[in-house]
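These are my notes from a first look at the model shown below. I wrote them down in the order in which I looked things up.

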Amino acid sequence: MLRELSYALAAVGLLAATASHANQNQLELQQNPELWPVQLGNYQGNRHSTLDQINRDNIGDLRALWQFSTGVLRGHEGGPLYVGDGRLYIHTPFPNKVFALDLEEQGRIVWTYEPDQDSRVIPVMCCDTVNRGLAYADGRLFLNQADNTVISLDAETGELLWEAQNGDHTRGETMTMSPLVVHDKVIVGNSGGEFGVRGHITAYNAETGEMEWRGYSNGPDDEVLIDPETTLMMGEPIGEADLGVSTWPEGEWERGGGAPWGWVTYDPELDLIYYGTGNPGTWNPAQRTIDGEPADNKWSISVFARDPNTGQVKWVYQKVPFDEWDYDGVNENQLIDVEINGEQRKGLAIIDRTGFGFLLDRETGELLVAEKFAPETNWASHYDMETGRPVVTDEYSTFTQGVNVNTTDICPTAMGAKNMQPSSYSPETGLIYAGINRICMNYEPFETEYVAGQPYVGATLTMMPAPVQDGEMEGRMGSFIAWDPVAGETVWQVDERFAVWSGALTTAGDLAFYGTLEGYVKAVDIETGEELWRFKTPSGIIGNINTFQHEGKQYLAVLSGVGGWAGIGLAAGLEDPEAGLGAVGVFSALDDYTELGGVLTVFALSD
Amino acid sequence: MMMSVKPRRPGWFAVLAGTLLLFGGALPGMLLAAEETSAETQGEGKETQETQEKQWGEYVIEDGKVDPGTYQGYLTYTRNCLACHGPDGLGSTFAPSLIRAAERRSFADFIGTIAAGREIQPGRVMPSFGDDPNVMKNVENIYRYMRARGEGGLGRGRPKVIESMKEKKESDDAPGETAQ
């Protein structure tokens, strides 16, 4: 620890000259186990804390200390940041308020910032007006507003330092993701996959707000920032130029989606950022064919590894070429070091929308493992490990079944077997912990026309709980799992009534935490999944539980406030697929358990 | 969303009640419809005309199956409205139930909101669909479907079309009733 600190201090002096101190500041904060300075806990996205004051033995003494109402309805995603200054920094969904709360005075408001935004942005946010939270570096906070304004605030005073325009909501572009600060750059991605936007990731100067580079998810190589001679795909140079144009029917790449609205992670040693891209424009696959044949629609639903300094793509891996199910590929890429076949590898693990748990080599982008973590997954039988492509099941191929045909019982649903809720990785157990969705769907593509600023969807879908496997809870729509990313196996599983739409947290106290849509925060034994503690917050949880230590006391804090796609899909309950038409038997309705309203709850052990 | 609307029985309810009285228990299997009401009132009683305006959103339900317009309403709803208002008109955490909206609001209000949009309160906005031809030409079908779901007792999910009414359906993009 001491050595790390002196490295950090030396580096600060060194880097002051190269203007890269923001990154250094983040690294330094991340090395202090008492802090939670970035939404996913660290650059690697592990959501793991080495704090152990709250542990398996005393968890029964965990109490809510105070609560704070954000005054905002709608879904509260993301979580609080703690950077060691005695305050919690939190955000809200639209209108995207920011609060600095005094930790020592039970949440007294130190300052509030509320942007002035055009409310016409609300209806173009596909699945609620969510926001996944603030970023911090070097005394500044960063936030992506719904209306595409990227802002920087003085953390001390809440004063606006700069703002930058990243897009146009009248064309269906919005922002929901949490920025990531790397070096002197703020990395942001747009949303709007259901409005035919063209996805892009952009770097702004953290100090001035000036745009430094932008890499698109589709289109010509010089706009995607690909060099086909050097950019790798499955460990080999791509070779062919402009696949982001040639794998689409004429001009369709311009509304080709691939919005990178999920989390960005970063490897400081390799100096690469990692993120995934969303669905390819319309949900009707027939409109994305070339001469009636499936086309890859690159680079939608792909993992990108980019140089944060220039945006150049080091490697890219397309998880789902020619999407037929809206398997948005934005889920977080956890950077984990693993031993596989006796060899140490720098891994990248994904609990993916598709129901597959992937492990890639994060230096080269090679696919190492692809196994189903949601056992009902049926759209593909498996992945061909040579080509890295899924082997699609005809019965569940909405393209093979055709336009205006209702393809039934596809698993998972378009919500994905896991959505944006970020997973956790414990280096002590070597396992990934994730809240997942156990929901299937019927999907019927239809012909749709692109109109700027209007939804560009082209499929109707209905959802139902995934068939129950042996020993599972009847009617469950979610589970919390411990996943072995190398063996590709579930180690244990806890079923939940509703999809588990909250981020996971693990700690050195041998605990795993998650929230439920009914509003419970739960602590389970990291080794067995056995429930050890629960607390009911005022509303359903789609935010993330974060932990930190201040003045010798370990805290836990979470934003509750139901909403998001989970709230839209599950509010009224799902139909029972067995009950047939006009089903009477409806699975549990979220409406029966929770109502809207954002609240921060802060926990610690009772004295 | 319901703030400006008094929770009252809308006009059609009285009409419906009247219809049921007129037809007594002789309505065989056909649950509803203001269709008969309009025919009845417009064809005969001029004296009731001032209180009996055209009834919007007529629907037919027979053994859980529906007329082609109501079916088209289901499709249009599912394609355009479900993403906010939830499956089968039931509402969500994001936007209210349209079944209730159709119960409490006149058709004029319903179509007006869809066409022009509405800012309900800060943070709650209904967008305008006035420029979307697929929605606008099907507004009455959506209303039909919502009334069928509400007072008509139509269940959840994709309904089937009544066999004898199928030939009437010349919908451009409606799929066959073979689904499910």
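Which residue is the bridge partner of A:A349 in β22(A)? I found that A:L359 is the bridge partner of A:A349.

Before going on, I note that this is a predicted model, in which local features need pLDDT of at least 70, side-chain atom pairs count only at pLDDT 80 or more, and totals for chains, interfaces and linings use all residues. Residues are numbered from 1 along each chain as its sequence is written, while chains are lettered from A and ligands numbered from 1 in the order in which they are written.

**Entry: β22(A) and its partners**

I take helices (H or I, at least four residues) and strands (E, at least two) as DSSP runs, numbered from the N terminus. Two strands pair if DSSP finds at least two bridges between them. Strand β21 of chain A covers residues 343–351 and is joined to β22(A) by five bridges, in an antiparallel arrangement. The two form a hairpin with four residues between them. In that turn, A:G355 has a positive phi of about 95°.

I then followed β22(A) to strand β23 of chain A, residues 367–372; these two pair in the antiparallel sense over five bridges. A:F358 has A:A370 in β23(A) as its bridge partner. The hairpin of β22(A) and β23(A) has five residues between the strands, and A:G365 takes a positive phi near 85° there.

I call a residue buried if 20 or more other C-beta atoms lie within 10 Å of its own, exposed if 12 or fewer, and partly exposed in between, with C-beta atoms placed from the backbone. Five of the six residues of β22(A) (residues 356–361) are buried, so the strand is largely enclosed by the rest of the structure.

**Entry: a sheet in chain A**

I looked up an open sheet of five strands in chain A, with the order β1-β33-β34-β35-β36 and mixed pairing. Its edge strands are β1 (48–49) and β36 (531–536), each of which pairs on one side only. Within the sheet, β33 (residues 505–507) and β34 (residues 511–515) of chain A pair in the antiparallel sense over three bridges. A:L505 stands opposite A:F513 in β34(A).

**Entry: A:G133**

A:G133 lies in the loop between β5 (108–113) and β6 (135–137) of chain A. Is A:G133 buried or exposed? A:G133 counts as buried because it has 28 C-beta neighbours inside 10 Å.

I count two residues as in contact if their C-beta atoms, placed from the backbone, lie within 7 Å. Leaving aside neighbours within four places in sequence, A:G133 is in contact with A:Q39, A:G78, A:G79, A:H91 and A:S178. I also checked A:T176: A:G133 and A:T176 are 43 residues apart in sequence and 8.3 Å apart in space, C-alpha to C-alpha.

**Entry: chain B**

Chain B has eight helices and five strands. Of its 180 residues, 42% count as buried. Among the contacts in chain B with a separation of 6 or more, 65% come from residues 24 or more positions apart.

**Entry: α3(B) and α8(B)**

All of α3(B) is buried, 13 of the 13 residues, so this helix is largely enclosed by the rest of the structure. For α8(B) (residues 139–149) I found 10 of the 11 residues buried, so it too is largely enclosed by the rest of the structure. Among the buried residues of α8(B) are B:V139, B:Y143 and B:M146. What covers them includes α3, α5 (98–104), α6 (107–116) and α7 (133–136) of chain B.

The axes of α3(B) and α8(B), as lines fitted to C-alpha atoms over the stretch in contact, come within 7 Å and cross at roughly 100°, on a scale from 0 to 180 degrees between N-to-C directions. That makes α3(B) roughly perpendicular to α8(B), the class for 65 to 115 degrees. From α3(B), the contact residues include B:G69, B:Q72 and B:Y77, and from α8(B) they include B:I142 and B:A148.

**Entry: where the chains touch**

The contact takes 29 residues from chain B and 32 residues from chain A. On the side of chain B, α3 (68–80), α4 (82–85) and β5 (124–126) each supply at least two residues. Which element gives the most to that side? α3(B) gives the most, with three residues.

Key:
Parallel < 35°, antiparallel > 145°, perpendicular 65-115°, else oblique.
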